[in-house]
Amino acid sequence: MACLSPSRLCARVQDKLLCQFGHKVRRQTVFVKLKPPGPTPLRIFGKTCQRVTTCGAACGSGGVGPAAAGAVRRLASSLQSTSTGSLPDYGTQIVDPYRLLEDDLNGIYEDIRSELERNTNQAELNTIATYYFDGQGKALRPMVAILMARAVNYHVYGENSALLPSQRQVAMISEMIHSASLIHDDVIDQSDFRRGKPSVNVLWNHKKVAMAGDFILAVASMMIARLRSDEVTLVLSQVVTDLVQGEFMQLGSKETENERFAHYLTKTYRKTASLIANSVKAVALLSGADEATCELAFQYGRNLGLSFQLVDDLLDFVSSAQAMGKPTAADLRLGLATAPVLFACEKYPELNPMIMRRFQEAGDVEKAFELVHQSRGLEQTRFLARKHGLQAARLAAELADSPYQKALAVTTDLVLNRIK
Amino acid sequence: MSLSCLRNVARCNMVKVSPSSVFLSKLRGPCAEREVYTSSTQHAVVTQQNTKPDWNRAVSEAEKIVGYPTSFLSLRWVLSDEIANVALHLRKLVGSNHPLLKTAKNLIYNGKNNMQAWGLIVLLVSKAAGHSPEIPDMEQDKAAGVLHSQRALAEVTEMIRTSHLVHKGLVNMNAPKIGPGDPDDMMFGNKIALLGGDYLLANSCSELANLRNQELVELMSSAVRDLAEAEFLGERDEQNNPLPSRPLPEEQREAASEWECVLQPLPMNGVRGCARREWVARHVLAAGALLGKSCSAALKLAGHASALQTQGYLFGCHLALAWQAFLDLEAFSGPEPRSFSLVGAPLAFTLQARPQLYELIEQGRRSVHDVDYHALYQAVLEGDGIEQTKQLQREHISTACEVLDSFPNCDARTALANIIVAMHP
């Protein structure tokens, strides 16, 4: 909480021009429903701030002086290793999207769990299928979907627009498709931990785990079908195809550097960005927006998704295992060459053979890790992530001015500056 | 497509002419009254009198009726990047013990339980029921008498079923002992199996979406859900092979409830410990639901009333159950096999009659291979499990045939009847 609160406060600071940290805040803030100050779950910056030491220090300093408008950015820049740079101020206030959507996101995991529970009479299937819907995730996908839904509704219908139940369903579906793919990834990659707890493949029979993934997908498909929109079904079925094709792309690698980078970007789109892009497109379709707006939503999601994954690949090199809730340099260990490695190749061509043999030889992982840190690979990855983030923010700015539209821009910032 | 030609050649070689004349008189139900093997239709001259109708022949004749073979191993598939990828990786697995190899072999080898027949049945039902005159010509495959959408649906059915089989063929690497084979090979095989199955599932999702019929998407998705549920029913060994539940005396069983809405999950009350109900529930989830829902969906695409759609569901579901009973019986019709399904109907009925035999089953808790199959085999032969299974199969056949009778007489209906007769005990 402590991490975000300065930023949240500074939104109000700008409104009210005077406000001190920890003091009672007047309750007329436009966007943000105020809660009594105190710890609330901190999503994107980590579960609890105390666990991330650098973050804690930054928050402390934020609490001393009067909060400034750029607190989020300062905070980010104080995190030397992960700072992805700051974005220009897209609007006057910085809105915490999770706070803004608190009511909409409230109970979303419970709703997913009860949807799954309704669809099976097998207790163990229910246990495995609901395992990752424990509310500990960042819920980034549902958040972005609902945010876009509200922003587009506002864009089309103005101030009095509300979130459609079908749009909230899409938010749930996006998280379900994501989890189904995580569950299958766990079996493929044999990971031990996910989200700070043992992953499904450690706890249960792998055949059953695979079936649980299929089950979640099937229930999600039924939910999609119940929206009774041909377009939405087509858009969301594309996601599933993309996910699998992305996995297949990950099995192979390309010989030349140019091909390799294009391959990596396409893979990243299919594995990560497609889900976000198509689910925000789906909510835009449901709101009845015109084609241009739907395309704008799609492009926003695509850029945000790419930026998200680039940061993810970056964090795999710089973040601590504790903050991530999963081991780091995990991609290298899995034989995957992500953006930092591909960039590092320019300076250190000796990485090429390692990429081709998927870092299988003894010492490869350590050597590659070292070379990436010596090169400008991390910097260049950060730059690329920032480029996509900026693009997403620019697209968001084209929507009608609303708190949700602003939060869309803030989200790109959150994605860029996250540390886990 | 060369592959399917190959299959047909293989099939001709396999045709065996049974000396016994198991004949129509044995068929109970409305189908018996009808001349099944009339040669009145142009294609469906299936067998001569006095020979037992052969399964393979019934299937291959039926394939001609609905046009080209329904195999999804069509050019499109062979040319797909992902499938080529899987094939490439499969080669690395040759020599390892991964069950995916066996699954792949079964997909191409045209045995009696081949899954190609599933799509075929969907197409035959489509043709037998015909379609509403309002459907524009563009959407029809005039020569074959089915709609393009129905053909796509048949493909979806096969994809879903294959995907499920492929996922079922994973190795549980979480077991204390994972059996023979290099763990790295097993892990790699799992990866390919999981991705391959996912690929089929994802394709079936987009094929379904292209049909632009949301009720249909919901129905077929619920069939995928049922298949997943099937893998959780009852006791399992460490590799998730099913074991029968301990038989319960009649007074301890719960009341069973009907599956009133197939979009809801199958109710489980009163299922465990009752041989017949458990067998039905297990195979409805693992097979009947998919075939039934596919047949029902085919009729929906043709614009038929929901009453007929329900009939379609019943036909598919009962046919799948009859089919399963037929497969269960096969283990007991030839020489003694080394092993057989522990959840087959003959054994289930035998266990119910002699609950003390359950001790033998318990030896398989770790692995079904530890079970004394010989003792169980003898027990089944001594009791009336086989007779009860035949009775069970007859009941399902007769329900399926009742539905068949409501379709107009045509070559597709004859072909369906022939397939049913071919598996008659």
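This is a predicted model: local features need pLDDT of at least 70, side-chain atom pairs count only at pLDDT 80 or more; totals for chains, interfaces and linings use all residues.
**Notebook: where chains A and B meet**

I began with charges and found 3 salt bridges between chain B and chain A; a salt bridge is a side-chain nitrogen of Lys or Arg within 4 Å of a carboxyl oxygen of Asp or Glu. I looked up one pair: A:Arg226 bridges to B:Glu218, with the closest N and O atoms 3.3 Å apart.

Residues are numbered from 1 along each chain as its sequence is written, chains are lettered from A in the order in which they are written, and side-chain values use heavy atoms, without hydrogens and water.

Next I checked contacts (heavy atoms within 4.5 Å). I noted 54 residues of chain B in contact with 45 residues of chain A.

How much area is buried between chain B and chain A? I read about 4,400 Å², with 65% of it from carbon and sulfur atoms. Buried area here is the accessible area (1.4 Å probe) that two parts lose on being put together, summed over both. On chain B's side, B:Leu195, B:Gln214 and B:Phe232 supply 17% of the area buried against chain A, more than any other three residues.

Last, I picked B:Leu124 and listed its neighbours, leaving out residues up to four places away in sequence. B:Leu124 touches B:Ala62, B:Ile65, B:Val66, B:Ala412, B:Ala415, B:Leu416 and B:Ile419.
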